[in-house]
Structure formats: structure tokens, C-alpha cells
Amino acid sequence: MIEIERKFLVTSQQFKTEAIRKTRIKQGFLNTDKARTVRVRLKGEIGFITVKGASTDDGLSRFEWEKEISKTDAEALLKLCEIGIIDKIRYDIEVGKHVFEVDEFFGDNTGLIVAEVELSSTTEAFEKPNWLGKEVTGEARYYNSQLSKKPFKNWNS
């Protein structure tokens, strides 16, 4: 139940040609407290509810619990979420022994593309594709819960 991941900006659209799958995702937050977030997600036709704890100081890991729910339940819960629904397409790209999840955001976050890779330890090595840019692991403004409150279109830099 501990999630270990690193997050990066993406420097080109090349990842799209390498994707093995892409899925539209809509998600909202029932709670965006720093100590815990509660997310509702509709990933294609499948719903999920997820609880995440606070990140470690380096941003590499945090508690995560997720449960699949029906599409109907997810749609109903999305109506109860805080303002700022996230709309994105997730591309899954196999790179070496890992799968990178690349999120291309829409709506108020149009123009932002972020890649994540989940690891089994904080020191695990992984192959970096050539479209991977600056690492933003631990930078809170890139968390979806924060993008729902302060979207990319409102960033000054």
C-alpha cells in the first residue's frame, strides 16, 4: 500500500507513437487535505475511489489505497467533488522493465504533460526515454489534487 513513484515533465509528443494503451480519465477530489486526499476517478468505463496519505519529504512515496467501484457510483461521486475536475488522457508506455504513465491534460490544465514511473524501491534504477524532461517529483503543484485547485493555465512561470 506504499506507492513509490517519480514524476517528470515531457519534452515532446513522441511518447504517443510508443504508447501501448491510452485511456480517458476524469477525476475529482472529495478531500484535498495535505495529510490525505480522497479521489474519485472514472478511467474509461471503470470507476475507482482512492485514498492517499501525505508524501514523504522527498516526495518519492506515500500511502495509497484504491478500490474499484461502478461507473454509476463514480459518476455520482464526481458530482460531489470539490471544484476543479481533472480531464486527461493517460498513455501507457513500456520502457525497459517499467511502464511510464504519461498524462496529457485538458481543460484548465491544457498544455501540461507529465510522466510518472512506479518503482519497487526509492533507489531502483530505470531506463529514461528520450522524451523525458525535468524531474518534478515532490513538487506539489504537479499533484492532480493541486492542479484541480490551481490549474496550469493560472501558473505565472
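Q: What makes up the buried share of the protein?
A: Buried residues make up 45% of the 157 residues, where buried means under 20% relative accessible area, exposed over 50% and partly exposed in between, with a 1.4 Å probe and protein chains only. The model is predicted: local features need pLDDT of at least 70, side-chain atom pairs count only at pLDDT 80 or more, and totals for chains, interfaces and linings use all residues. Residues are numbered from 1 along each chain as its sequence is written, and side-chain values use heavy atoms, with hydrogens and water left out.

Q: Which elements does the protein have, and in what pattern?
A: There are three helices and nine strands; helices (H or I, at least four residues) and strands (E, at least two) are DSSP runs, numbered from the N terminus. Along the sequence the pattern reads β-α-β-β-β-β-α-β-β-β-β-α.

Q: Why is the protein called as compact as a globular protein of its length?
A: The radius of gyration, taken over C-alpha atoms, is compared with a globule rule of 2.2 Å times the number of residues to the power 0.38. The protein has 15 Å, close to the 15 Å that the rule gives for 157 residues, so it is as compact as a globular protein of that length.

Q: Why is the pair of phenylalanine 8 and phenylalanine 126 called edge-to-face?
A: Seven aromatic pairs are found in the whole structure. Rings of Phe, Tyr and Trp (its six-membered ring) pair if their centres lie within 6.5 Å; planes under 30 degrees apart count as stacked, over 60 as edge-to-face and the rest as tilted. For phenylalanine 8 and phenylalanine 126 the centres are 6.0 Å apart and the planes at 65 degrees, so the pair is edge-to-face.

Q: What makes this pair a tie between parts of the protein?
A: Phenylalanine 8 lies in strand 1 (residues 2–10) and phenylalanine 126 in the loop between strand 8 (113–118) and strand 9 (132–135), so the pair ties together parts that are 118 residues apart in sequence.

Q: Are phenylalanine 8 and phenylalanine 126 buried or exposed?
A: Phenylalanine 8 has a relative accessible area of 2% and is therefore buried. Phenylalanine 126, at 14%, is also buried.

Q: What kind of pair do phenylalanine 152 and tryptophan 155 form?
A: Their ring centres are 5.0 Å apart and their planes at 70 degrees, so this pair is edge-to-face. Phenylalanine 152 is partly exposed at 26% relative accessible area, whereas tryptophan 155 is buried at 12%.
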